[in-house]
Each structure stands twice: as structure tokens, then as C-alpha cells.
Amino acid sequence: MSTTTTITYDDTSVRRFMSASIIWGLVGMLVGVIIATQLSWWQMNGKFIEAISFGAFKGDGISFLTFGRLRPLHTNAVIFAFVGNMVFAGIYYSTQRLCKVRMASDFLSNLHFWGWQLIIVAAAITLPAGLTRGKEYAELIWPINIAVTVIWVVFAINFFWTLAKRNEPSLYVALWFYIATIVTVAMLYIVNHLSLPTSLTHSYPIFGGLQDGLVQWWYGHNAVAFFLTTPVLGIMYYFLPKAANKPVYSYRLSIVHFWSLVFIYIWAGPHHLLNTDLPRWLQNLGMLFSLMLWAPSWGGMLNGLLTLRGAWAQLRTDPVIKFFVAGITFYGMATFEGPLLSIRAVNALSHYTDWTIGHVHAGALGWNGFMAAGLFYWLAPRLWKTKLWSQSLANMHFWIGLVGILLYVVAMWSAGIMQGLMLGEANPGGATLKYKFVETLESIHIFYFLRSVGGFFYLIGFGLCAFNIWKTARSGVATNDTAEVVVLERTRKDRAGLGETLISDPIAHIVLGIAFTILWFFLPPHADKAALIVAIALGYKGVMAFRKSGGGWSRWHDSLLENYIPFTILVFIAVAVGGASQIIPSLVVNRDKNIEGRLQELYTPLELAGRDLYVAEGCYNCHSQMIRTLVPDVMRYGRAGKLDDYSHLGESIYDHPYQWGSKRTGPDLAREGGELVTGAKYMRSGKRGNDWHFNHFLNPRQTSPGSNMPAYPWLFEDKADLKALPGKIAAQVRIGVPWPALNQHEILDMAQVQALEIADSLIAAKVYLPDKPELQGLALRDQLAASKFVALTAYLQKIGAYREITKDQPAEPSMLNPDSHRRPEKVPAATTQAH
């Protein structure tokens, strides 16, 4: 006999997460508008702040408000604070209704909410302070990463515990996407954030060079997939039918959408590294799976839009439907553009330009932002038991936000395509390039201005949303819904064992097919063709077995949906296979002992300190260190007359983290370094002299007219932390960097000698600090030698240093070898190409 019970849903957590999402959304978007204006007007980094603060902050630059420091704050605030809290609100609301049970633990729900907000506050403090790991979307320092992992586990326990207590036998579509999100994000986050700490605020990733690049974009691409896409798709599958009062268009399409998306997405990361020295099979793999993503992505979009069949009239009057439809449409646009940009020929034009920025924001503002707005407008009246305060204001938000998105995205498309074409255009005869980098930057200034305007419009629209939700809450009463549910007996859920579910005909065909497809990539000639033939045969056999099963495969899937543990295991296997197939080969093969050709020279202790400063200041946000295999790239950034002088994988093998970058607001720096100066023990001189770098960091426009780079006056005032070097070098040795045996005194002595060499060269060049003209001679020399600037300059003069080695004549890596074969003679500052 069935028993019923009355349950009270935990809508308090939903209200908290929704309110937090709105607040952090305003913060993240405001920071986004600020950094957009910084790219249009360099004065926004300091002079403007000095003016509005009535002199409280002085100087040409303020360290914690530069683009390099604020850009990671913007991305983390939008991804983890705005979208993260929105996703949690949607999951907490829908999971309880789909499972017909209250969340398993109020304590875990509260711990999840407050822990996540503390993490966001910690990020908001540390990132502007320059405490970062230097990896996009993975900048948070290791103590915060541990906190993220703990809170994510808390969330996972609460979610799966709720599934175990559910009063509904089968898992609805939305829950599939939530499971995929929880499992995959945990895997991605843990692997990409594996680091060896050197202090409470600093660590080195255990991966370096190519390995770090592959792991980073396996994480970075799939963070977009499984944090910004799959949970929002789950929200779409629950809330869109609710808002339209219509069932999902096709249940079968949702099955195909889910499994194909989960499996294919994880393979596409290498398309972020196209046209580099990355092995061609990996590039082709990333491009192939990216193109395959068109089908499941558009399948999901069409399933969402066709859910509105017979209800399109609501589009004219209901702001919730407006936002959902526009959001799903932007999802379709972004998932069409993503595979397009993964085609090698298109990527050659788009990569490192603002086209990519436009693509990312079409997804973030259009897909995530509009789905969030639709969710908030639907939830608020139900959470506070009242009507939406103003539908007119919600409609105004929609149109202002839509105009803002279109201005932003079209401006970035135009800027990216124009700059990409200009950077590749050669003079008649094809021997030289037509435009300097700074000339391309000046040509797209109008689009940067339009981007700022579009971002401001979007911020205003979201401000209207925040006001509308606040007034709605004020007009109602916070209430937790109750429901009368039939208690589901244990025998009616999770009945099948792991063996019964996993050892089955569908699984056998799928696993064997995938295994032989992977072997096709890795086996030697002829054996690879045999593996491909077997994979095709298995695919054909699987189709025939499906047809003959008489619905057996469908019944197996229905049974799987009644058993959440096997379902979760299969999801994990589906996503783990792709990552392992890409990353494990690079871990095994890409080692210094296997390198032929160019092997990176080790940094000196001072250069390592300078590299850490480069990362802390966020220089990787604007500068790449990767000359692609494209002729225009080599002509612009490589050595004159050397059309094969692209960046080889061995040149960055000891870089932890790698710094190949993903956007060039400034030129590539892979050939910035140079040779040892004659008579010097450690000092090098690259494309530009030390005095050029001195003037460049004080006032970039003095050396590079038209540059939008901020000044860095604090680098001359702040002292480099050389005392931390012994611990950092010890950590690098543990992660595989072959530093020679050095004691603490030798490390500090080497750093001091090199710092004094650079300082002496600056004194000889008669430099002076404008704010301290009284500093002369030894006093100026001592201040410069101890400064962050000198350490950073030492690193810049070393970037890209390598040694030529062969299989017959291998060489041990050296930080001191003067016989490199990679640099031109020093270029006088007066003839150096502008920034």
C-alpha cells in the first residue's frame, strides 16, 4: 500500500543563490565594462582613477586596477559567481521537484552556499593583488582551489544523496545534465589544478609546456562545456516547458543530444592550439570532434525551440519566453561559430584576435546571461508568492540587453577579422609585412569603443533586472513550497546492479567501437587502417543489433535511468576516455630526453623571479609566447630570413605554467630574449635594450606611440622577493625541471649578480626615475637592482632561449650557455619595431 507524505521544499537556498547571482553578476559586468574601457583609453588604468578619487590614488597606474589584474577577476566573477550561483539556484529548485523530495541535508545546502560565497570573496581579493596561477579560468591560488574542491564535493554529496532519497523512479532529462556537470567539472578542476605549493599564496602547476597547454585547454574548453553549457541545458529542459506550459518536443532527441554532447565535447580542446607545433594528429582530432559538435548542439537548440510549438504567441507578451528563446538562439549561434573557428584555415585568421572575444561573449551574454534573466523572472514570483513587479521593465531589460549584445559581438567580429587580415597582409613582393602591430591596434579603436558601449548597455539592462527582482521580493513574502507526494518504495528504484546495467549489448558495442577508433589514431601505418575497418564494422554491427533488439536497447536505457549510480559511472567513462586519449600520450612522449632540435635553456634564479612577476601582473592576458607555423606569424615575430623560426615544443618544455596565451592585445614575445652580453656573467640583451624596457614600463607611449598598455611605476618601487627563490627552485626540481644543484647562498648570489649587471647597464644608459630625480649613482643603482622591474627585465631578455640538440649529440639543459643558435644581434632601441 502506497503512503503519502507532505514535504516542504528548501526554497530558501534557491532565493540565496539567485540573489547572490544577481549581485555578483552586477560586479562581474561592471568590471568587464571597466576593462573594456581600459583597452580603449589607457588612462582608465590610473589617471582617471586618480581624478575621481581626488588624488587618493596617484600615478599613471594603480597595480590592482590594471587590465592584467582585473581581467581574471572579470572572467572568474562572471563564470563562477554569476553563472555558478544561477546554476545552483536552478539545480536546487528543479532537483527537488523532479525527485519529489527536499534536498537531503539543510546543513550541506547552507555550507555549499556560504562556502561558495567565501570562495568568490577570496578570489575578488587575491586576483587584483596579483596572486594567480597564470592559467585562464584557472587563476585561483591553491588554498582557494582546495576550498572549491571541498565545496564542490559538498554539493555533489547533497545532490546524489537527494537522488538516492527520491520519490520518482526515473531520472528526468534535466537531471542527466546536472549529473554530467557535477562529475565532469570535478574531474577537470582537480586535474588542471594539480600544483606544488611554494608558499601559502604561490604554487607551480605540475604540468609544463605542451603538457600544460593540453591540460589547460582540455579544462578550459570543457569548463565552458560542463559549467556554462550542460547545467544551463538542464535548466532549459526543466524551466522552458514550465514557462511555455508545453512538454519537451522530443524525448528521443534529448537522449541523442545528451550522450553525443557529453562524449564529443571532451575531445575538442586541442582546437585552441591549432597551427602550432602541436602534433598534427592532435590538431586534427580537436578539429574533427569540434565539427562533430554541430550536430548535438543544434539538436539541443532545436529541441528547445520546438518545445514552443503552438505557444509562439507568448513570445510577444511574456518576458520569460523572450529571454529563453533569445538565449537558446544565441546558444545555437555560438555553437555554430565554435566549430567554424576550429577549422584550421579559419583559426589562422581568428586566433589571438578579438573574433574569439566576440564568440565567447555571444555565449556568455546571450546564452548564459539571457537564460539567467529568464530563470530569475520565472522564479521570483514563485519564490515570493507575488506577481513580477513590472513586466514592462523586464521587456525594457530584454531590448537594452539585446542591443548591448549585438553591439558588443558585431564590434568584436569586425575588430578581429580586420586585425587578422591586416596582420597577415604583406607588401608587394611578399618579402615584408605591410602593417606594424600598433597600426592594426589603432585601426580597430572604434570597435573597442563600440564594445564598451555595448557592454555598458548590457550592464544597464541587468541593473534593471536586479531592481525588478528586488521590488518583486519587497512586494511579496518569502515562502517555501509544500507538496503532497507518494513515498516511493526502495524496490521501485535503483533495482539493477552494476553488472546487470553495465555488462550489456549496447555497452559492448559502444566500448569496442570507441576503443578501435582510438587505436586508429595511435597505431602505426597499416595497423591503423585495420583498426578503422574494425571500428566501422563494429558500428555497422551495432546498428543491426539495435534494429533486431525489438526495443531491447530502449528498455536498457529506461532501466539505466532508474539506476543513478550506473548512469553516473557511464557518464564518467564517457568524459574520461577523451581526456586520457589526448593527455597521456603527451605525458609519456613530450619529455626533454625525447626532444630533438630545440631544447629550452633553464632560467637563472633572477629570471625565474621575473617570470613569476610576469604571471602575477597578468601579462599573458595581452601577450602570447607562441609563434605559430603560419608564414605571417614567422615573418612578424621570428628571426629575419628564417621562415622556419616558429615556436618549437621544446622551447617551453620547462615552463610551469605555459604562457602561449590566447589573445594578442600586444605583440608576441617568443623571440624577445637574446644572447649573453659580452663580458657579463648572466645578463642578456634581446631585441630591445634594458633602457628600452625601462622607458617602456614607465611610459609605454614613449617607446611605442599608440600603445594602450598601462604604465607600471610600482615595479620600480617594489622589491622583488628573492628570498623565496630557494623554495621555488626546490619545487621546480620536484616537478621535473632539471635545475643544477644549488644551495641557498648560490641562488641568492646569482640573482644579486645578475640584478647588479642589469642595474649597471641602466646607469650607463643614464636613466632616471621621473618621480625621484634626486636618486643618482649608487643610490639609484641599488634601488633598481632590488626592484621588481629588474627581475622582470631579466626574464624578458631570456624569453625563448633554447639550445640546438640532436639525437647523436644530446646536451644537458643549461641556464648559462652562451652558444645558443636562435637570436639576432641586439637591435638598437631607436630601430626597434613599435609595440
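## A pocket between two domains

Domain 1 (4-486) and domain 2 (498-589) both give residues to the lining of the largest pocket, so the pocket lies between them. The model is a predicted one. The space in this pocket comes to about 1600 Å³.

The lining is made up of 41 residues. Nearest the pocket centre are W259, S260, P506, I510 and W553. By type, the lining residues split into 31 nonpolar, 8 polar and 2 charged.

## Helices around the pocket

Several helices supply at least two lining residues each. They are α9 (251-265), α10 (280-292), α20 (505-522), α21 (527-548), α22 (552-561) and α23 (564-589). Which helix gives the largest share of the lining? That is α20, with 11 residues.

## The interface of domains 1 and 2

The protein is divided into three domains: domain 1 (4-486), domain 2 (498-589) and domain 3 (598-804). The centres of domain 1 and domain 2, taken over C-alpha atoms, are 30 Å apart. Contacts link 33 residues of domain 1 with 28 residues of domain 2.

About 2700 Å² of area is buried between domain 1 and domain 2. Carbon and sulfur atoms give 78% of that area. On the domain 1 side, three tryptophans lose the most area to domain 2: W259, W267 and W281. Together they account for 22% of what that side buries. W259 also belongs to the residues nearest the centre of the largest pocket.

How many salt bridges cross the interface of domain 1 and domain 2? The rule finds 0 there.

## Salt bridges elsewhere

Over the whole structure, the search finds 28 salt bridges. One of them pairs D212 with K135. Their closest N and O atoms are 2.7 Å apart. D212 lies in helix α7 (residues 209-227), while K135 lies in the loop between α4 (106-126) and α5 (142-164), so the pair ties together parts that are 77 residues apart in sequence.

## Backbone exceptions

Most residues other than glycine have a negative phi, and most peptide bonds are trans. Two sites in this model depart from those patterns, as described below.

N245 is not a glycine, yet its phi is positive, at about 60°. N245 sits in the loop between α8 (230-244) and α9. Helix α9 (251-265) is also one of the helices that supply the pocket lining.

The other site is the bond between H656 and P657. Is this peptide bond cis or trans? The bond is cis, with omega at about 0°. P657 is found in the loop between α25 (631-637) and β6 (675-676).

Key:
Residues numbered from 1 in each chain as written. Predicted model: local features only at pLDDT ≥ 70, side-chain atom pairs only at ≥ 80, totals over all residues. Heavy atoms only, no water. 1 Å grid on protein atoms, 1.4 Å probe; cavity = no way out; pocket = protein on both sides within 12 Å on 5 of 7 lines; lining within 4 Å. Points joined across faces, edges and corners; volume = space filled by probe spheres on them. Helix = DSSP H or I, 4+ residues; strand = E, 2+ residues; numbered from the N terminus. Nonpolar A, V, L, I, M, F, W, Y, C, P; charged D, E, K, R; others polar. Domains from an automatic or database assignment. Contact = heavy atoms within 4.5 Å. Buried area = accessible area lost by both parts, 1.4 Å probe. Salt bridge = Lys/Arg side-chain N within 4 Å of Asp/Glu carboxyl O.
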